[in-house]
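These are my notebook entries on one structure. They record what I looked up, topic by topic.

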Amino acid sequence: MQPETQAVHLAHHFPSLRTQEQAARLGMWLFLATEVLLFGALFTAYSLYRYLFPHAFEGASALMHTSWGTANTLVLITSSLTVALGIHEVSRGRNRRATLYLLATLAFAVAFLVIKYFEYSHHIHEGQLPGRFYSFAELQVAGASMFFTLYFLMTGLHGLHVLIGMGVLAFLTVQVWRGRYGPGYYTPVELGGLYWHLVDLIWIFLFPLLYLI
Amino acid sequence: MPPSPPPSEAVYNRPNYLTADRGVWSWLVTLDHKRIGVMYLVLTTIGFALGGLFALIIRLELLTPGPTIIDAQTYNRMFTLHGVVMIFLFMIPAIPGIFGNFLLPLMLGAQDVAFPRINLLTVYLYLLGAGIALWGMIHGGADTGWTFYTPYSTTTTTKVAPILLGAFILGLGSILTGINFIVTIHTLRAPGLTWMRLPLFVWAIYATSVIQVLATPVLGMTLLLVAIESVFGFGIFDPGRGGDPVLFQHLFWFYSHPAVYIMILPAMAVVSEVVQAFARKNMFGYKAVAYSSLGIAFVGFFTWGHHLFTSGQSAFNAGIFGILSMFVGLFTAIKVFNWTATLYKGAIQFSAPFVYFCGFLFFLVFGGMTGIALATVSLDVHWQDTYFVVAHFHFIMVGGTIMAFLAAVHYWWPKMFGRMYSERWALVAAGLIILGFNATFIPQFLLGNMGMPRRYYSFPERFWPLNVASTAGASLLAFGFLIVLVYLVVSLAWGRVAGPNPWDSRGYEWDTPSPPNKENFPGTPVITHGPHEYQDTEDGGAGSEVTHAA
């Protein structure tokens, strides 16, 4: 099936499938760079406000449930492993196993969001909220509300990326299951995996900044 | 060597990319980069007309010291809309969207850009972003200026959020265009087209795309933060809740200063092509011009602080940013010297594109030198937020980018539509525009130096005469643009058939019929020589390797 798959996937304006794959990969890496810069603005804001309100940020950070954060970190890192294994299996033509790995990735993503949901409800219940909504009585210092502004903006944007990533992975899972991709052509799966790794990577920076320090 | 007149039996290529498919639907779903370029031409021209209309309203209001035609609140909205529309709907998308799309694959010997569907998507993002922003403008507009400075922008009662959202979507389109062009240049160069054989247009568009990709996301996030702040009050820029409004200025200018190079680098791209074609000479110092584009893109990321000289920045920071800003002048000067050196002993053809080139050179140097002056901290403190700054960036943006835009339109019009416009009217219009432009903005330099602040609704009587001069100049400018629009539209139906290469240019893109076919090339072209190699054509040595030194 290899040559036909390749012919089906080759767009008219590319001289070869190899060039087309190269182009897609380069495009994806550039897109990931824009994502890093998108988050970069928030990381900049975080550094500034941490510098301005070191004690408030320490106090607010202590309110975070490190165990939940750790659990989520483990969940996401494992999901990165399963997506990588999924890509590997597609490249070997074992689409059934690849489908299972991708489904596992999706399950981890759901687990991440469920844990996040419990965390969010806890913060909302306690009044640990951004800006003018902040009403947590036990930590009333200037800058504490800013921590939660940043917490919700950063994890919220990250959560949105998790959702988008889930959509992408769900689409790819169906395609892999239908045998649309195989050893001859699996670039879209690879690119979906790259995106998922980025989502993971951003969390790896968010976790220590918001929970540990 | 005098330019050879186009042969009278010039053929209008048919069927071409315009006529190959018929019907509105074929345009709405087209993946052809040439058609997408034409759609950008129509859309950005509408944007330009809208922004120009707002500018005329501003100038009419400033005709007299007190209220003239609109009230103060409407005036605030007008200058905001003028800035937003001109920057996001015209300056940033125009040259890359129109000429980048149309020419890049033709210059690279490719059949299309790398991601044609994403390319079409950017057109719809443009429409969506412009639509949302226009909706916001009709329902009240914003009165913050295009810079959306906090905390005012988060507390004003005008409709800031839809305009911010519109700009965010337009930014997304800009990012996707940038990614598309970078990937196209990396992967779709025809066999034999090495980096050192790339047309200089491509080099500058490449540099532009790098800025678009790396700077725009930060603006996107910043605009989103302002929108969130103004709707929900999260306090991120609100000093009352520990927020820092100056952080907004940093984030905003981290994009918006490089963004001026998103506007001027494509202009430099155009000019590098025009000067070679109309002086009939190879670029003097090809590598210097190519690398200086990358230099501007690079150093442009480290200059944003010069917008914050009066925002409580330390003197040390201000000094560093001032010096870094002057580096831009250095790279620009490299280009200017190379362009003028290219003219030396050239066979100059004084057609409309060349007239615009001359205008460009004058305005760029004049506007650039005032920019160097503004980068000097002690001078900037005097000129900050006066009409001097307004005149400075209009010299670069309008004088630079619009001149180059018009040069590009006049140079590539016969390629895009296969017909020539009236050369006589083109020269008349060019003269009017250059004259009108000077009449509009030179008085503003003087006003700014006299201390007239920007964005003020009324002014003392001593500023009156120069304001009248500026408004008169603006009307002349508008009249000039109108003439251009008329003769270009007329030429579409009644213009003389141009033939494949009316300028006798040796740019790669002219090796196609005019208008080009739907499929750019019958097969994959093989490039055996650099672009614009005029010197070697005499002895038929076009196929030989040529060094690009003069």
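Helices (H or I, at least four residues) and strands (E, at least two) are DSSP runs, numbered from the N terminus.

I noted that this is a predicted model, in which local features need pLDDT of at least 70, side-chain atom pairs count only at pLDDT 80 or more, and totals for chains, interfaces and linings use all residues. Residues are numbered from 1 along each chain as its sequence is written, while chains are lettered from A and ligands numbered from 1 in the order in which they are written.

**Entry 1: α10 and α11 of chain B**

I looked up how α10(B) passes α11(B) and recorded a left-handed crossing. The axes of α10(B) (residues 286-299) and α11(B) (residues 315-343) come within 9 Å and cross at roughly 160 degrees. Axes here are lines fitted to C-alpha atoms, for helices over the stretch in contact, and angles run from 0 to 180 degrees between N-to-C directions. Angles under 35 degrees count as roughly parallel, over 145 as roughly antiparallel, 65 to 115 as roughly perpendicular and the rest as oblique. The pair α10(B) and α11(B) is therefore roughly antiparallel.

I then listed contacts, two residues being in contact if their C-beta atoms, placed from the backbone, lie within 7 Å. On the α10(B) side I found B:Ala288, B:Val289, B:Ser292, B:Gly295, B:Ile296 and B:Val299. Their partners in α11(B) include B:Phe327, B:Phe331 and B:Lys335. By class, the contact of α10(B) with α11(B) has nine nonpolar, four polar and one charged residues. For these classes, Ala, Val, Leu, Ile, Met, Phe, Trp, Tyr, Cys and Pro count as nonpolar, Asp, Glu, Lys and Arg as charged, and the others, Gly among them, as polar.

Which residues have the most contacts inside the largest nonpolar core? I found B:Val270, B:Val271 and B:Ala407, in a core of 228 residues. The largest share of this core, 24 residues, comes from α9(B) (residues 245-279). A nonpolar core is a set of buried Ala, Val, Leu, Ile, Met, Phe, Trp, Tyr and Cys residues joined through C-beta atoms within 7 Å. A residue is buried if 20 or more other C-beta atoms lie within 10 Å of its own, exposed if 12 or fewer, and partly exposed in between, with C-beta atoms placed from the backbone.

Leaving out residues up to four places away in sequence, I recorded that B:Val271 touches B:Trp339, B:Phe357, B:Phe360, B:Ala404 and B:Ala407.

I next examined α9(B) against α14(B) (residues 387-417): their axes come within 9 Å and cross at roughly 45 degrees. This angle makes α9(B) oblique to α14(B). The crossing is left-handed. Among the residues of α9(B) that meet α14(B) are B:Met263, B:Val270 and B:Val271, and among those they meet are B:Gly400, B:Ala404 and B:Ala407. By class, this contact has 13 nonpolar, two polar and no charged residues.

I counted seven helices and zero strands in chain A. Its C-alpha trace spans about 65 × 30 × 25 Å along the principal axes. Of its 213 residues, 40% count as buried. Among contacts in chain A between residues at least 6 apart in sequence, 75% join residues at least 24 apart.

How many residues of chain B are in contact with chain A? I found 29, in contact with 29 residues of chain A. The elements giving two or more residues to this side of chain B are α7 (160-187), α8 (200-232) and α9. Of these, α8(B) gives the most, with seven residues. By class, the side of chain B that touches chain A has 16 nonpolar, ten polar and three charged residues.

**Entry 2: backbone in chain B**

Most residues other than glycine have a negative phi, and most peptide bonds are trans. I therefore looked for exceptions.

A cis peptide bond joins B:Arg14 and B:Pro15, with omega about -5 degrees; B:Pro15 lies in the segment before α1 of chain B. The bond from B:Thr150 to B:Pro151 is also cis, with omega near 0 degrees, and B:Pro151 is in the loop between α5 (116-138) and α6 (152-155).

Phi is positive, near 60 degrees, at B:Asp504, and near 55 degrees at B:His532. B:Asp504 is partly exposed, with 17 other C-beta atoms within 10 Å, whereas B:His532 is buried, with 25.

Technical notes. Left-handed = near helix turned anticlockwise from the far one by under 90°.
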